Amino acid sequence: MFRIGQGFDVHQLVEGRPLIIGGVTIPYEKGLLGHSDADVLLHTVADACLGAIGAGDIGKHFPDTDPEFKDADSAKLLQHVWAIVKEKGYVLGNADCTIIAQKPKMSPYNEKIKARIAELLEASMDQINVKATTTEKLGFTGRGEGIAAQVAVLLVKAE
Ligand SMILES: Nc1ccn([C@@H]2O[C@H](COP(=O)(O)O)[C@@H](O)[C@H]2O)c(=O)n1
Ligand SMILES: C[C@@]1(CO)OP(=O)(O)OP(=O)(O)OC[C@H]1O
């Protein structure tokens with residue numbers, strides 16, 4: 001049996017925070033703001049996985065009012081989500097990830113991000129795709145006010 005899920009998330013770019021995308025720290029003058037480490041891509045992967053199994057969203061599992069998740073490592077949140085997915089008997093088919101950012105240039109980091117997501121989802125590199133787009137200077141991403149991500153996942157019932 002197959003289940004598909006999709007996720008979308010946005011975080012604001014501010015000064016004085018590290019920029020962490022897909023579990024990788026990227027040198028940049030600003031970072032993403034959030035209750036957790038604000039890793040917009042890992043949040044989106046988690047939401048896509050939760051969507052695929054009909055289990056709500058990350059806000060439901062990790063409320064931003066709970067001090068336990070203050071400055072949380074989003075990799076740990078995704079590992080928790082992945083344990084729920086596995087408990088339901090699914091493995092990853094594939095995940096296709098899009099980072100929407102005017103800056104910084106993501107292409108030097110895409111392979112490293114891909115490797116980290118593969119590790120977190122217990123998958124191989126060829127099951128993950130990571131790509132980026134600008135919005136041609138349009139909108140909040142185009143003005144550099146924030147970074148967004150979109151992810152689609154296909155889960156497959158383990159034999
Ligand atoms: N933050 C980004 C945005 C884009 N890229 C790469 O540039 C290509 C062209 O982007 P457009 O928005 O003009 O379509 C895109 O396909 C990516 O390869 C990037 O590395 N980092
Ligand atoms: C991850 C959580 C929890 O720390 O906080 P944020 O980093 O603010 O992220 P968001 O995508 O707004 O929502 C999920 C939150 O509950």
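Pro 104 sits in the loop that connects strand E5 (90-100) with helix H4 (110-120), where helices (H or I, at least four residues) and strands (E, at least two) are DSSP runs numbered from the N terminus. The peptide bond leading from Lys 103 into Pro 104 is cis, with omega near -5 degrees. In the loop between H4 and strand E6 (128-133) lies Glu 122, which has a positive phi of about 50 degrees although it is not a glycine. Most residues other than glycine have a negative phi, and most peptide bonds are trans.

This is a predicted model, in which local features need pLDDT of at least 70 and side-chain atom pairs count only at pLDDT 80 or more, while totals for chains, interfaces and linings use all residues. Residues are numbered from 1 along each chain as its sequence is written, and chains are lettered from A and ligands numbered from 1 in the order in which they are written.

Two helices pack against each other: H1 (residues 40-52) and H3 (residues 74-87) meet at an angle of about 15 degrees with their axes 9 Å apart, the axes being lines fitted to C-alpha atoms over the stretch in contact and the angles running from 0 to 180 degrees between N-to-C directions. H1 and H3 are therefore roughly parallel to each other, a term for angles under 35 degrees. On the H1 side the contact (C-beta atoms, placed from the backbone, within 7 Å) includes Leu 42, His 43 and Val 45, and on the H3 side it includes Leu 77, Val 81 and Trp 82. By class, this contact has 11 nonpolar, 2 polar and no charged residues, with Ala, Val, Leu, Ile, Met, Phe, Trp, Tyr, Cys and Pro counted as nonpolar, Asp, Glu, Lys and Arg as charged, and the others, Gly among them, as polar.

An unreviewed UniProt entry places a "binding site" at Asp 9, His 11 and His 43. They span 35 residues in sequence, yet no two of their C-alpha atoms are more than 10.1 Å apart, so they gather at one spot. Of these, His 11 belongs to strand E1 (residues 2-14).

Terms used
Angles under 35 degrees count as roughly parallel, over 145 as roughly antiparallel, 65 to 115 as roughly perpendicular and the rest as oblique. Two residues are in contact if their C-beta atoms, placed from the backbone, lie within 7 Å. UniProt positions are given in the numbering used here, feature names are shortened, and annotations may be inferred rather than shown by experiment.
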